[in-house]
Amino acid sequence: MKSTHLLYSTLCSLFIALPVYAIPTDTVEAADEQDQEMDFPDEPYYPPEEEEDDKILPLSERMGYNDGFFIRNADNTFSLFFNGLLQARYIYSHAPEVPAGETTDYYRFELRRTDLYFSGHFLDESWTYVLGTEAGPDGVFAVDDVYIAKAFTEGTWGQVGQFSTPFLRETLISSTRQLTVERSLVSKFFSTNNSTGVLFGTEDDEWKWEAAFTNGYFAHDEYVDETDENEDVVDHDFQNGQSYSAITRLEFKPFGEWEEFRGFNSFGENNVGLLIGVAAAYQRDNDNADIEEASGTVDITLQGSGWSTFAMGAFTQDLQNDDSASYGAQIQGGLFVDEDLDTVELFSRYEWGQSNTHVDFIEPDNEDLSIVTAGFNYYIYPRHLKLSTDFGYSFTAIGENWANTTDGWRTSTESGEWVARSQLQLVI
Amino acid sequence: MKPIIPPAEGETLLPADEYYGYDNGFFIHTADNFFSLEINGMTQARYDYSVIKEQPDDYGFQLRRTNLFFSGHVIDDSWKYVVGAQAGPDGTFAVLDAYIVKIFSENSLAQLGQFPTPFLRAYAISVTRQLAVEDSLVAKYFSTRDITGASYLYEQDWFKWQAAVANGYFTPSYDQNQDVIDQEFQNGQSYAVMSRLELKPFGTWKEFRDYNSPYGNEKGLLLGMGIAYQDDQSLLGTQDISGTVDLTFQGSGWSTFAMSAINTDYTNHETTYGAQAQGGVFVDEDQNTVELFSRYEWGQGQQDQDLSLLTSGFNYYIDPRHLKFTADFGYAFSSMGASWADETDGWFETDEKGQWVVRTQLQLVV
């Protein structure tokens, strides 16, 4: 029965971009004969008859707020959640030496992320969807996450669309649940970000495994654009029809709760938990760039009541150029210092990297990175309102591979660049 | 974790029929009113016809603005949010307003994010509440528009003061979605400060939210003045200062407005002046559906580019505040220099006098 279920889900996925009524009738009928449990509608949906009172949700459960505004129909066959995010930030950075044409000081307000997310389920709770848009500092809304997911059993699922690829833990954690104002430069370099494709995942109490097959992902070296204002959004230019990637991640959680690992912040109510992750990614681009590369990462998260630690290492190897490999690592920790362990969190992070890439496809471009960042979070209301401030100092020059102007780190030719950032974040 | 405190025993939750509904926007509240969401939308479908001497006529339909707004509060009424997206005629959605508001008292608040700047009265009034099909060219030139920064507002019954510090503000251009801030100008090397003071000897603040004063409104007078300064340390290296004064006087069924503004560019030693006067009158006392209006605007811009423009037309309110049909006719007694021209709204750069524009618009607000 499970294999039939999968077969049918695959058939549905093939037609996922078409309106429901465009699915060939004979295909639906054939599937219905094999699996009567699947009630896929081939006609307009009608609510249940009045006599099915036991299935009708009370009004208070049909709409309200539960980590997002929601609305459901009376028999819970459809739901819609609405979430939003605002990150309003001020950045001041100073670089002792900068390329010609730039100033040593850089400062501005910015709306780092403005997100509007719609999600929910349809037909039954095993079919879910996410439609997420995001505007970066450039103010233009673009698709962030858009996918349809199908839960096959309680612990296995598949999804198709555009989603966060299962590779780097720091990228998989929402930007709203980071420890510092912004993710590390190391994670931005090695991240596979979002990509369009399919994913399969399975999870139990201790293990979680995800594997994805997608178009090539937003890339490390050659495709890094330090001035890209909305880097969270997938770089569709890279999805050129001649590239593909395979990405997988395995997580082991000997103790702790999955829910408590959704963020880098461990409030006082959290239990002691340990999470170990390992991931690998491969991509091939057969167009003129002819890129082939492999990446890997390992990470460990150990946290408890009011404290959290995280360390990771990552590498990427350009398989077309033996001398083109990049390495990075980071370690960070956070500690709540107020009596209730839920309001004031101090943190610090150190990141290190060494990139050897072929930006110009001719000579390797070797760049080192060594940055320390420290600051605090003030939770006005946890999960909803947070003020974060941090200060970062670079012990090295910041090369083009690592620089990220949007987050304050500009290309510099001398060590000693520093960045101060303060951010008010609102999540609904 | 700090809990979201549930209502005390015996404390009344919102009645069920107040959870959701429509009140100048679709809304949904939680029963304890800790969270709220309001959704608004707006579209302006327009047809323009421009006749420019020595040039081909220009005409066509356009969706001048398509807006989606989400707003509400989190945890308590003192923390509010606004996220508004707008698509101009080019059809691309971009952030228009996105800010967080903290209300300190019933008289004061602060906001952080991207919001309308406190300078020109014309820009503080929503595009849905203008008198003509579109704002004046003078207002567009001097406007500091929306900008990313922080502001503070203090208000009493008879005066209102707001000040902001922000990135450098938008400058005139032919951008198709000109309401939306020119992010490229926020280059990390510019800043601006601006402030606006309003005095209201009589009338109500709410009735000054628009230029339209239907029958039933009480008589009101509003005096305003604003000042703005920006400094761009980038390669542009511009420094300029702007000032404006305005007066709004309105009563039951009629409204008048006059303003003037000045901008001095220190770097290029150029000064631009502008002024406008306008009036509207409802002609059907019983129903408040038909409003006639007229506006004259004048300007003297860089490199002696003058502006002299007369616009007249009418509003037909199919449903006040929600559905409005507007038509106007504009005639330029002067040439149209690059500083003033606005192709999106039908005014093209030309050395010839006598350009005229006819515009009709159907506006829907939900």
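What percentage of the 428 residues of chain A count as buried? The value is 41%, where buried stands for 20 or more other C-beta atoms within 10 Å of a residue's own, exposed for 12 or fewer, and partly exposed for counts in between, with C-beta atoms placed from the backbone. In chain B, 44% of the 366 residues count as buried.

The model is predicted: local features need pLDDT of at least 70, side-chain atom pairs count only at pLDDT 80 or more, and totals for chains, interfaces and linings use all residues. Residues are numbered from 1 along each chain as its sequence is written, while chains are lettered from A and ligands numbered from 1 in the order in which they are written.

The predictor assigns the complex an ipTM of 0.87 and a pTM of 0.86. Confidence per residue is given as pLDDT, on a scale from 0 to 100. Chain B has a mean pLDDT of 88, and 89% of its residues reach 70 or more. Strand β17 (residues 323-332) of chain B has the highest confidence in that chain, at 98. Strand β1 (residues 20-22) of chain B has the lowest, at a mean of 85. Two stretches of chain B stay under 50: residues 1-7 and residues 172-177. The model has 15 contacts beyond four places in sequence for residues 1-7 of chain B. For residues 172-177 of chain B it has 17. A contact here is a pair of residues whose C-beta atoms, placed from the backbone, lie within 7 Å.

Chain A contains 5 helices and 18 strands. Chain B contains 2 helices and 18 strands. These elements are DSSP runs numbered from the N terminus (helices: H or I, at least four residues; strands: E, at least two). In chain A, 58% of the contacts with a separation of 6 or more link residues 24 or more positions apart. The corresponding value for chain B, for residues at least 6 apart in sequence, is 54% joining residues at least 24 apart.

Strand pairing was traced through part of chain A. Strands count as paired if DSSP finds at least two bridges between them. Strand β6 (residues 141-153) of chain A pairs with strand β7 (residues 156-164) of chain A in the antiparallel sense, over 7 bridges. A hairpin of 2 residues joins β6(A) to β7(A). Val146(A) has Gln162(A) in β7(A) as its bridge partner. On to strand β8 (residues 194-203) of chain A, β7(A) makes 9 bridges, again antiparallel. Here Thr156(A) has Thr202(A) in β8(A) as its bridge partner.

The contact between the chains takes 39 residues from chain A and 40 residues from chain B. On the side of chain B that touches chain A, the elements giving two or more residues are β3 (35-51), β4 (58-74), β5 (79-87), β6 (93-103), β7 (108-116) and β8 of chain B. Among these, β6(B) gives the largest share, 6 residues. By class, this side of chain B holds 26 nonpolar, 13 polar and 1 charged. Ala, Val, Leu, Ile, Met, Phe, Trp, Tyr, Cys and Pro count as nonpolar, Asp, Glu, Lys and Arg as charged, and the others, Gly among them, as polar.

A nonpolar core is a set of buried Ala, Val, Leu, Ile, Met, Phe, Trp, Tyr and Cys residues joined through C-beta atoms within 7 Å. The largest core has 67 residues, and Leu185(A), Leu120(B) and Leu137(B) touch the most other members. Its largest share, 5 residues, comes from α2(B). Beyond four places in sequence, Leu185(A) contacts Glu351(A), Leu369(A), Ile371(A), Trp402(A), Asn404(A) and Trp409(A). Another core, of 35 residues, lies apart from the largest one and includes Tyr65(A), Leu85(A), Phe70(B) and Ile100(B).

Thr396(A) sits in the loop between β17 (385-394) and β18 (418-427) of chain A. Thr396(A) is partly exposed, with 19 other C-beta atoms within 10 Å. Not counting residues up to four places away in sequence, Thr396(A) touches Asp368(A), Leu369(A), Ser370(A) and Ser415(A).

Most residues other than glycine have a negative phi. Leu123(A) has a positive phi of about 70°. It lies in the loop between β4 (105-122) and β5 (124-135) of chain A. Leu123(A) is partly exposed, because 14 other C-beta atoms lie within 10 Å. Arg145(B) also has a positive phi, near 50°. Arg145(B) occupies the loop between α2 (137-142) and β8 (146-155) of chain B. Arg145(B) counts as buried, because it has 21 C-beta neighbours inside 10 Å.

Definitions and conventions: pLDDT = per-residue confidence, 0-100.
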